[in-house]
Amino acid sequence: MLTLEEIQLEEINILYETVKFLKKNNIKYYLWGGTLLGAIRHKGFIPWDDDIDIVVPRPDYIRLIKMLSSNNNISNYIATCFEIDNSDWPYLKVINPSIQLESKNALDKYLWIDIFPLDALPDNYNSFFKSIKRKQHQFILQRKCLHNIRYSDKSRRFLQRVWWFFCKGIPLGVFIEKYQAKASKYDYSKAKYVGSILWGIHPGNILKKEWLEDYEVEFEGMKMNAFKGYDNYLKNRYGENYMELPPIEQRATHSFIARRVKNEKNKK
């Protein structure tokens, strides 16, 4: 079983090879979420964190998907997502197939880093935000039913049973495509606001596109791309005092067990 430090080291290796691939192919990227917070506050991982997030502007993300659809290998790692037809995640993950995970939900089978598309938003994005959340909830419900993952809350379990009664025969891909189409609806080149709205749907993940001027940061001894407006983004996402450590009870992880395995290949 891998320790947290070993998990972080393996994820750093995935990040290094992924960023090298992105730079080689002129794909723009930015550190995102807790990874960006860790870079600013700790010059690396948040000490208790166990994942890495980056975002890629939608036009570059489309090019990236096309590249990976013909060859989804990034060094010794494998790119997976719905469009590549080797995952039911609606966004990219780069996985290490030699490190297998055990968790309650069992949706992530291998150690990974996330690559989210950064999508355009309308100026009046509040109503759009609500509609994209509906698409996400529909996708999550259908996938939980397919994977036989039950909600712990009784009212949600009842909703899940009702949902499955009516939607059992609908392929999951239908919900993914609707979710993705909604997220990528607006023209990135004309947008004033952008955000990561595939999965991490949070008001703090919305920012002005003008904040995205390149800015280099340090992450675990490596120079990584961020953006000059990081302070505005991190204040919106984590609060004015984001440089202060949160209480111990708020230091959450994904709670999985990671083990090395041999001769494992990528699976759906």
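Guide: A helix axis here is a line fitted to C-alpha atoms over the stretch in contact, and angles run from 0 to 180 degrees between N-to-C directions. The model is predicted, so local features need pLDDT of at least 70 and side-chain atom pairs 80 or more, while totals for chains, interfaces and linings use all residues. Residues are numbered from 1 along each chain as its sequence is written, and side-chain values use heavy atoms, without hydrogens and water.

Visitor: How do helices H4 and H5 lie to each other?

Guide: H4 covers residues 125-146 and H5 covers residues 154-167 (helices are DSSP runs of H or I, at least four residues, and strands of E, at least two, numbered from the N terminus). Their axes come within 10 Å and cross at roughly 85°. Angles of 65 to 115 degrees count as roughly perpendicular (under 35 parallel, over 145 antiparallel, the rest oblique). H4 and H5 are therefore roughly perpendicular.

Visitor: Which residues of H5 make the contact with H4?

Guide: Contact means heavy atoms within 4.5 Å. From H4 come Gln138, Leu141, Gln142, Lys144, Cys145 and Leu146. Facing them from H5 are Leu159, Gln160, Trp163, Trp164 and Cys167.

Visitor: How many residues of strand S6 are buried?

Guide: Buried means under 20% relative accessible area (exposed over 50%, partly exposed in between; 1.4 Å probe, protein chains only). Strand S6, residues 110-121, is mostly covered. Its buried residues number 12 of 12.

Visitor: Which residue of S6 is the bridge partner of Pro57?

Guide: Strands pair if DSSP finds at least two bridges between them. S2 (residues 53-57) runs parallel to S6, joined by 5 bridges. In S6, the partner of Pro57 is Leu118.
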